[in-house]
Amino acid sequence: MLKTQISLLGIIFLAAFIQTVLVPGLWSPLRVDLLLGMVIGVIVHLGFSQGILFVLAASLLLQAFSGARPGLLPLFYLFAFVGIDILKDIIYLENVMTQVMLAAAFSAMASFSLVVFLDISLVPMETIPLVLGSVLTGCFSPLMVSLVGRVKRAYET
């Protein structure tokens with residue numbers, strides 16, 4: 001279990017580098033959330049007790065490196081984890097299209113809620129990177145789910 005958690009945290013550091021350095025280097029307002037795909041992967045491949053610890057640790061690490069308000073990132077990722085875990089009993093999460101739609105929907109909900117709750121006024125041209133970021137988050141989520149599955153198979157078989 002410990003090797004799995006450490007490997008997943010290593011993937012999180014790589015994902016944080018990609019989503020904070022490489023993607024904004026291509027287009028500065030674009031934000032892609034790779035941790036959301038990891039959250040879906042943890043729900044699919046790990047149990048609730050392992051998953052909640054991983055999501056909490058990863059979101060606290062990302063909180064330290066982000067400029068967000070304290071507690072905002074862990075709150076969002078724990079909400080996403082619990083919400084998707086509840087949906088796990090209703091929908092089949094191992095379907096790629098389901099993963100894409102869930103990640104895109106949760107990313108869009110997070111962007112929309114931040115705009116509303118932080119009282120940010122958006123120019124219509126600023127909504128394009130938010131929508132594109134949600135779509136790209138959904139597109140990258142199956143990759144992150146498969147990475148979690150590979151790590152689990154490598155250490156827990």
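1. Aromatic pairs. In this predicted model, the count of aromatic pairs comes to three. One of them joins Phe48 and Phe81. Their ring centres are 5.4 Å apart, and the planes make an angle of 40°. That makes the pair tilted, because stacked needs planes under 30 degrees apart and edge-to-face needs over 60.

2. What the Phe48–Phe81 pair links. Phe48 belongs to helix H3 (residues 48–65), while Phe81 belongs to helix H4. The two parts are 33 residues apart in sequence, so the pair ties them together across that separation.

3. Phe48 is partly exposed, at 43% relative accessibility. The reason lies in the cut-offs: buried means under 20%, exposed means over 50%, and partly exposed falls in between.

4. H4 against H5. Helix H4 spans residues 72–87, and helix H5 spans residues 96–117. They pack at an angle of about 140°. Their axes are 12 Å apart. The crossing is right-handed.

5. Residues at that contact. H4 contributes Leu72, Phe76, Phe79, Ala80, Ile84 and Leu87. From H5 come Leu102, Phe106, Ala110 and Leu114. By class, the contact has 10 nonpolar residues, with no polar and no charged ones. An α-helix has 3.6 residues a turn, so residues three or four places apart point the same way.

6. Leu87. This residue is found in helix H4 and is among those that meet H5. Is Leu87 buried or partly exposed? Leu87 counts as partly exposed, at 27% relative accessibility. Leu87 and Met97 are 10 residues apart in sequence. In space, the C-alpha to C-alpha distance between them is 15 Å.

7. H2, length. Helix H2 runs over residues 34–45 and has 12 residues. From first C-alpha to last, H2 reaches 17 Å. That is close to the 16 Å expected at 1.5 Å a residue.

8. Why call H2 largely enclosed by the rest of the structure? Because 11 of its 12 residues are buried. The buried residues include Leu34, Leu35 and Leu36, along with Gly37 and Gly41. Also among them are Met38, Val39, Ile40, Val42, Ile43 and Val44. What covers these buried residues includes helix H1 (2–26) and helix H6 (124–155), as well as H3, H4 and H5.

How values were computed:
Residues are numbered from 1 along each chain as its sequence is written. This is a predicted model: local features need pLDDT of at least 70, side-chain atom pairs count only at pLDDT 80 or more; totals for chains, interfaces and linings use all residues. Side-chain values use heavy atoms; hydrogens and water are left out. Axes are lines fitted to C-alpha atoms, for helices over the stretch in contact, and angles run from 0 to 180 degrees between N-to-C directions. Helices (H or I, at least four residues) and strands (E, at least two) are DSSP runs, numbered from the N terminus. A crossing is left-handed if the near helix is turned anticlockwise from the far one by less than a right angle, and right-handed if clockwise. Contact means heavy atoms within 4.5 Å. Ala, Val, Leu, Ile, Met, Phe, Trp, Tyr, Cys and Pro count as nonpolar, Asp, Glu, Lys and Arg as charged, and the others, Gly among them, as polar. Rings of Phe, Tyr and Trp (its six-membered ring) pair if their centres lie within 6.5 Å; planes under 30 degrees apart count as stacked, over 60 as edge-to-face and the rest as tilted. Buried means under 20% relative accessible area, exposed over 50%, partly exposed in between (1.4 Å probe, protein chains only). The expected span of a helix is 1.5 Å times one less than its number of residues.
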